[in-house]
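Me: I have not looked at this structure before. Please show me how to read its features one at a time.

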Amino acid sequence: MSASAPLTPLELIQEQPEVDRLTLPTGTTVFRAGEPVQFIHVIERGWMELSSGPLNRIRFGSGEFFFYEDLVDPTESHSRDATAVTPVSLYRLSRTNFLALIHRHPTLVLQLLSKQHSRLRQQRADARHFY
């Protein structure tokens, strides 16, 4: 009996019965800084930009979750605005259902941490060019 490959984070979200699929045009704001964290989002196609000012922007693309970091913030509110910079197709899952998903699939946390670590490593590499 061969083991099948583990599901990607996007596939895990897609298979949840409570998930919503959204298709949004460029310029749509998904949430604003200070709003309560109600959903976790994962991008199927397109680009989202999270911003807390002109010099503090992060872009997320296909297969990426945003902004799960806000889930652990004690204020339980978003730290950035999220805006579609291209037409975007994404899935959203309620905070409660996302936490239940993590309970059922704890390796999802490892996948998210690995992606975050890669992103931080790339930021450090990019920052070396500015010194």
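Reply: Start with two terms: strands (E, at least two residues) and helices (H or I, at least four) are DSSP runs, numbered from the N terminus, and two strands pair if DSSP finds at least two bridges between them. This is a predicted model, in which local features need pLDDT of at least 70 and side-chain atom pairs count only at pLDDT 80 or more, while totals for chains, interfaces and linings use all residues. Residues are numbered from 1 along each chain as its sequence is written, and side-chain values use heavy atoms, with hydrogens and water left out.

Me: Which residue stands opposite Ala 82 in E7?

Reply: In general, strands of a sheet pair through backbone hydrogen bonds, either parallel or antiparallel. Here Leu 50 stands opposite Ala 82, and Glu 49 has Thr 83 as its bridge partner in E7. Strand E4 (residues 48-51) and E7 are antiparallel, with four bridges. Ala 82 is also the bridge partner of Phe 31; strand E2 (residues 29-31) is joined to E7 by two bridges, again antiparallel.

Me: What is the order of the strands in the open sheet?

Reply: The order is E2-E7-E4-E5, four strands with antiparallel pairing. E2 and strand E5 (57-60) are at the edges with a single partner strand each, so one side of each has no neighbour in the sheet.

Me: How many residues in the lining of the second largest pocket are nonpolar, polar and charged?

Reply: Nine are nonpolar (Ala, Val, Leu, Ile, Met, Phe, Trp, Tyr, Cys or Pro), none polar (the others, Gly among them) and one charged (Asp, Glu, Lys or Arg). A pocket is an open set of points on a 1 Å grid over the protein atoms alone, where a 1.4 Å probe fits, with protein on both sides within 12 Å along at least five of seven lines; lining residues have an atom within 4 Å of a point. Helix H2 (95-104) and helix H3 (107-127) each supply at least two lining residues.
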